[in-house]
Structures are given as C-alpha cells and as structure tokens.
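Visitor: I would like to learn how to read the features of a protein model, step by step. Could we go through one together?

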Amino acid sequence: MASSFSNYFKILSSILFFIIFFTSHSFSSSNYSLSNIVINSTSEFINHTAISEFRILNRRILSKCPDPNPYLSITTASNSSLSDESFVTVHVSGVLVPSKGDWVGMISPSYSDTSSCPFNALQYQQTGDFSELPLLCHYPVKAQYLSKDPGYLNCKKKECKKHVKGSCEVRTCSASLSFHVVNFRTDIEFVLFAGGFATPCILKRSNNNLTFTNPKQPLYGHLSSIDSTATSMRVTWVSGDKAPQQLQYGDGKSQTSQVSTFTQKDMCSSILKSPAKDFGWHDPGFIHTAIMTGLNPSTTNSYTYGSDSSGWSEKITFKTPPAGGTDEVRFLAYGDMGKTPRDPSAEHYIQPGSLSVVKAMVDEVSSGNVDSVFHIGDISYATGFLVEWDYFLHLITPIASRVSYMTAIGNHERDYIGTGSVYATPDSGGECGVPYETYFQMPTQAKDKPWYSIEQGSVHFTVISTEHDWSQNSEQYEWMKNDMASVDRTRTPWLIFTGHRPMYSSVTGGILQNVDDDFVKAVEPLLLANKVDLALFGHVHNYERTCAVYQKECKALPTKDASGIDTYDNTNYSAPVHAVIGMAGFSLDQFPSQADKWSLVRKAEFGYVRVHATRNSLTIEYVNANTRKLEDNFQITKN
C-alpha cells in the first residue's frame, strides 16, 4: 500500500509542478494577486499550502522599494512590553500615495533580512510556488493590508508635513491597524511593505521591538484522561522555562512536572525542505505535564500550575469525567477545528468557523453539563507553522482546562512523505505528529502509535489513527480487533469507534479521495463483528449521518419515536451508524445534489455534536454553533 501511494505521490508531484509553476509566474504586479487556480485549490495534496496569497508569501523575491519618502513612519501604541494577550495598535503615517498593495506584517522573532536565507529555490517548493528566494527567513505570523482601515485609500486621515509661505505643500495619509497577540515568548517586529503579497518590498520597519512581559509565564493548561477510572487527570501546559514546575490541586496536593520540548531537528523533511524544518519553525518553549491523582469521578475540583520564579496560572475549576462502567456520560465531539484570528489579519491557514464553535462550547462547558470533549483529528492546522499551535492552545483553553480534552490524530498532524504515514502527502507541513503528541499526550502505548481506548460512563471509546497502518495483520489492526473484542457490554453497553478519515461520505474529495476503499475493506468488518453502535469521523468538513450501514447497504433504518426523533433500535443489532462531524472550523464542504441511499441527513453548518449516553440510549444532537439550534438529532436504543 505504501509503495502504491508513493508512486501516486510522484505522479501528482510532476503534474502539480507544472500547474503551480505556470500559475506562480502569472502574477501581476499591478493587482497584487495570485492565480485563481492556486487560491481556489482545495485538493488534499496541496491544500496545506496553496489556499491564499498569504500562504505562499515566502515564495516572493524581496526587493527594495523605490520609495525615497522621508516622511514615512510605522509605530505601535504599546510600550515595549506585552501581556499574555494583547491587541496591539500599529500606526502608519507619512504615506504620500496610498495603495491597495500596502500592508503590515507581524514578524517573530523580529528579523526581516534575507542575507542568511538559503538561496536554493528548490528547497521551498512545498509552499506551492517556485520563485527564487523566500521573502523572510521567519514567516510572518500574520499580516494586514492598510486598506483594512476604511479611511486609508481615500486619505481621510491627512497630515501636513511641509508648509510653504503659510500654506501646506505636502500632505500625507495615515492608517491604524489592530493585531491580536498571544504570548508565544519571542519578540515581535512590525514591518511595512508595498507591492502586496505577490510582489513585496520593504518600505519601513518599526523602530522598537515588542517583548512579552514574562516569556516564561505558564500558559494554555489543558486536561486529558489517563485511564478509565477518572481518579487521575493529566494537565499539560507551556512555558518558556525548562525548569520543572508545580501542579497544585485539591487541598494542598502537589505534583512536579515532567518537561519536554522538540526542535527543528525533530521535524520531518525531504529533499525539498518542509515549512516546519525551515521558515515555518518557531521555538515551542517547554511543554510541562503532571498528573493529578486521588481524584473522585464526576467531581468538581480546582488546580493551578507554575512556579514562583516563572509565575502561576490562575486557579482553574475543573470537572472529572464519570468512571467507566457507571450509568451515563455527556460529551461533545467534532473534528477539523483549527483556529481563526481575532483581528482582520491574513494568516497562513484560517478555519473560519472555529471562533463561533468555541464560543458555543465554552457556554456548554460553563453550564456544567459536559463531562469531556473528543476532537477527532485536524487539531490546530499549524501544518509546519509552529507559532499557530500557541494561538490554537490559547483558543481552546477555556474548554480544555476545565474538562477532559481527548484527541485523535489527523492527516494535518501526521502525514508526510517517507515517514511511515499511510498517505504520502505533505499535509502536516513536516510536523509528522511530533508537536501533536507533545501537546496532547493521550493514553497510547508508545510514541507514534496514537491509538488508544478509554471508558467513560456507559461508553467504551475505541480511538484509532487513520494515518498509520491499519491493514490486516498490522499492529494497529490487531490492537483494534482485540480492543473491541474485549469490551464488556454489561459494563459499557455502548461501543463508539472514532478516527479521522471516514468510511462514508457523499463528498468524494479532490486528488486524494475522502473515503479510502482499502481502509473500509480492511476495518469495516471489525465494526460489524464487534457490534459498534456509532462511528464518528472528521476529515470532510460537514455533517452527514447514515442509516445502520454495512458495505454501502442499509441494514436498518431509524423509526420516529413519540417526539419525532429518529431512533435506531439496537436491541437486535444490524450495523453501525456512521456520522461525519468535521464541521467545527474548516471552510465547509458543500454536498452534491444527489446522494446514495445510505446517506440520511446532510448539513453544512459550523457546529459540533452533543452526546448523552445512558445505559439504554445514546442521544446525539448536532448543534449549529451560530444559532445554537439543533440541525439534527437522533438516538440509538437497546433494552
């Protein structure tokens, strides 16, 4: 299988070389835009780099602006010290002729010179373009066109710079932009460019670099379960300090953190350098983890983490999940969330629905009716631009710091050419699972074996990796077969199977199909043989529910209960119900006009699913994050 995919990748590489080569050389310096073939590309092979102009910014030759303007200035309203979260106002003044191609980039670490950048253009092919040099050795974290200030292009903010005999001879224009910044530990510089993203040149650099007040501050604490007893919980956080810190919880209990990190050397690459190995790299600081023990299931408690020298987190209230084998559990589930900027910036990868989804789930968690969360692959979409992990961790902290946040690995965390992933695509941008497994330590058997099972309440969860070998007789195949066969259905009557890539989807996909027939052929029989009740997947960015299906045939259809809710009766088991739930952030995939009979409900709205499991029923509700209304709800019952 790996060999066939490798050959497949080589063929695609050749085809895409010519597509991207010709489109990347068709840019117009007058409109500062890229070819629509590049911008609109959504095929699985290249969507990790070639979605927007900004994403291939490193492909531009950096030239000097032919602008002798002596009045130009770029300043920040902030002093040189930043808090852990800030909105920094950048003011540009002294502009003689405003242009729609003028923009400001936020650079970190503060460095905007190409003198030490590699000069081999081939090293940068994986960004989706073939220009001669990168723009910056350090990729801009984010950028904004000055036209985001509505008064800029028509020069509503005027200032006289030169008077002659009492009258103004030189008037200039100005603009202000706001940048959302979180503590990612390294200093920041703002740089003013002309020429748009396609033909950039530097006009001016800010006079002072901004630094964080405390780059060692412990931040972004998140919880995960380590076993099915719910008497222990892992807390993982990030700090700029490598010295062990303390996790304090309960009535005076304390644990010392284990500290790890990863470096550029740990990132994957090929003959063509990956973003993670090169210009997308950002130092992750140090990842601390400690385990709270002696807890009680389904109980509210509190914790704080840090040290006197580095600082302490706030006191956080959290809830332990119910122990496996108890009567019920309530959890939220989704895939493909990522993050969205809280300002008008362009970033290398934006998932527009993530903010509304997080806001809705924060409200759910605050209500006290959520025991845990399952995020089924495509976690941050950093894909080799490492600073984006900090932004993602910041985004989910109000959820993940308060309930168990369990994850599965996806293609955008793991896949990379020649590294053992099933699919030979560069979708992780060279991360090859290393940041994911460092930030999200699940109860797996070993590194790069990210499959596990856990029980909460009346549910046994089997969590697999669709990116690692699942073929018959492989290590993962044998594990999932044994795991599902060993479930005690008197203890946990419900068996939920989760993984990233789906077995059923009405959206076929691009160059690489959304549904891998080999995966379905190998693994679907295990689901039927072990009477899996519900299979949850992501990868496709919408919501789709099936009948009780096996080999594309409906083995049973739901009936309406007294309330009109679709109900699957599993007292006499027929087949699993599948649900694709990849609608938590990434731009939505629209459905074709026609669908197979196994597809019962198809929706493309940002949201997540809410699941309530008792011993006799599974109730699943698809929540629209924007309206908070239910887009779909169904239940599976058994006596």
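Visitor: How many residues does the protein have, and what share of them count as buried?

Guide: Buried means under 20% relative accessible area, exposed means over 50%, and partly exposed lies in between, with a 1.4 Å probe and protein chains only. Here 59% of the 639 residues count as buried. This is a predicted model, in which local features need pLDDT of at least 70 and side-chain atom pairs count only at pLDDT 80 or more, while totals for chains, interfaces and linings use all residues. Residues are numbered from 1 along each chain as its sequence is written, and side-chain values use heavy atoms, with hydrogens and water left out.

Visitor: How many helices and strands are there in the protein?

Guide: Helices (H or I, at least four residues) and strands (E, at least two) are DSSP runs, numbered from the N terminus. The protein has 8 helices and 36 strands.

Visitor: In what order do β2, β4, β8 and β7 lie in their sheet?

Guide: Strands of a sheet pair through backbone hydrogen bonds, either parallel or antiparallel. Two strands are taken to pair if DSSP finds at least two bridges between them. In this open sheet of 4 strands the order is β2-β4-β8-β7, and the pairing is antiparallel. The edge strands, β2 and β7 (158-164), each pair on one side only. Between β2 and β4 (residues 85-95) there are 4 bridges, with Ser-93 of β4 as the bridge partner of Ser-73, whereas 9 bridges join β4 to β8, where Phe-87 stands opposite His-180 of β8.

Visitor: Is Ser-174 buried or exposed?

Guide: Ser-174, which lies in strand β8 (residues 167-182), counts as buried because its relative accessibility is 10%. Contact means heavy atoms within 4.5 Å; leaving aside residues up to four places away in sequence, Ser-174 touches His-91, Val-92, Ser-93, Tyr-152 and Lys-157.

Visitor: At what angle do helices α3 and α4 pack?

Guide: Axes are lines fitted to C-alpha atoms, for helices over the stretch in contact, and angles run from 0 to 180 degrees between N-to-C directions. Helix α3 (residues 354-366) and helix α4 (residues 387-400) pack at an angle of about 20 degrees, with their axes 9 Å apart. Angles under 35 degrees count as roughly parallel, over 145 as roughly antiparallel, 65 to 115 as roughly perpendicular and the rest as oblique, and α3 and α4 are therefore roughly parallel to each other. The contact is made by Ser-354, Leu-355, Val-358, Met-361, Val-362 and Val-365 of α3 together with Leu-395, Pro-398 and Ile-399 of α4. With Ala, Val, Leu, Ile, Met, Phe, Trp, Tyr, Cys and Pro counted as nonpolar, Asp, Glu, Lys and Arg as charged, and the others, Gly among them, as polar, the residues of this contact of α3 with α4 divide into 8 nonpolar, 1 polar and no charged.

Visitor: How many residues lie between β14 and β15 in their hairpin?

Guide: The hairpin of β14 and β15 has 3 residues between the strands, and Gly-250 in the turn has a positive phi of about 60 degrees. Strand β14 (residues 246-249) and strand β15 (residues 253-256) run antiparallel and are joined by 4 bridges, with Tyr-249 opposite Lys-253 of β15.
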